[in-house]
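Please consult the sequence and the model while reading.

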Amino acid sequence: MAPNTSVEICYLCGKPIDSLRSGDHVPPKQLFAKEIRKSHSLDLLKIPTHSNCNRSYQLDEEYFIHTFVPFAMNTASGRALLNQIVSQYHNGRNVPLNQKVLKEFARKPSGLILPRNKVVKRFDGERVWRVVWKITRGLFFRDNNGRVLPENTPRLFKIIDIGEAPPPPEFQLLVNKEERGRYPGIFAYKSMTLEKMPNFHFWAMLFWDSVMVLIYFHDPACQCETCLAT
Ligand SMILES: [Zn+2]
Ligand SMILES: [Zn+2]
């Protein structure tokens, strides 16, 4: 479907925005600690969506920051957000969510800390990847002149444990690509398509300079023989 400039399209559901409209922050505003939002006048990217489409991600976005920010204690942006979450918890906010996340830390007889001060932690992949995919789709929409990347596009995600296992070899392809993002200390991303497979996208996102995820997908508008045959 060709992008139509006269009608606003919701990048989440692909339908015209004819009802309640909201400005969706890409990436989610919650990645930025309130303290940082107050002390700097941030110019965050906003993309219009239906209010309902946007709202359906809110709890998963909350979960995302709660489950990953403990890995960002060594950066100022991560620490500010973690402090905020901890003080909100002490004030009775998101108590069940915080308890759920605390349980995700693996229990070891000696406590939580593993060799090299690393902690093993599980996370709910379905919720985390739903958020990562939403960010991907928002940026794709912005970078491709308002073309919707369908929710059901086949994709693959990987999480990289920075400073631990080396990233997969394909990560080298991204090293020299331009880092993008208005506030790269909080959120940065790189993207590329492969020369021999121009519709295969390979992206990396970095949260709080600490948590990295890789995203792989094939552009569904691809006209290659394989795609046309399926
Ligand atoms: Zn929508
Ligand atoms: Zn193709």
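Buried means under 20% relative accessible area, exposed over 50%, and partly exposed in between, with a 1.4 Å probe and protein chains only. The model is predicted, so local features need pLDDT of at least 70 and side-chain atom pairs count only at pLDDT 80 or more, while totals for chains, interfaces and linings use all residues. Residues are numbered from 1 along each chain as its sequence is written, chains are lettered from A and ligands numbered from 1 in the order in which they are written, and side-chain values use heavy atoms, without hydrogens and water.

**Zinc site**
- C10 (SG), C13 (SG), H50 (ND1) and C53 (SG) coordinate the zinc ion (ligand 1) at 2.1 to 2.4 Å; donors are N, O and S atoms within 2.8 Å of the metal (3.2 Å for Na, K and Ca), and as water is not among the atoms, sites may look incomplete.
- The sequence spacing of these donor residues is C-x2-C-x36-H-x2-C.
- The arrangement is tetrahedral because the angles subtended by the four donor atoms are 95 to 119°, where all angles must lie between 85 and 135 degrees.
- C13 is partly exposed at 33% relative accessibility, whereas C10 is buried at 0%.

**Helix pair**
- Helix α3 (residues 58-68) packs against helix α5 (residues 95-103) at about 45°, with axes 10 Å apart; helices are DSSP runs (H or I) of at least four residues, numbered from the N terminus.
- Contact, meaning heavy atoms within 4.5 Å, involves E62, Y63, H66 and T67 of α3 and L97, N98, K100 and V101 of α5.

**Residue N98**
- N98 lies in helix α5 and is buried, with a relative accessible area of 10%.
- Not counting residues up to four places away in sequence, N98 touches H66, I85, Y89 and R93.

Conventions: Four donors count as tetrahedral if all angles lie between 85 and 135 degrees; four count as square planar and six as octahedral if opposite donors are over 155 degrees apart and all others between 65 and 115; anything else is irregular. Axes are lines fitted to C-alpha atoms, for helices over the stretch in contact, and angles run from 0 to 180 degrees between N-to-C directions. Helices (H or I, at least four residues) and strands (E, at least two) are DSSP runs, numbered from the N terminus.
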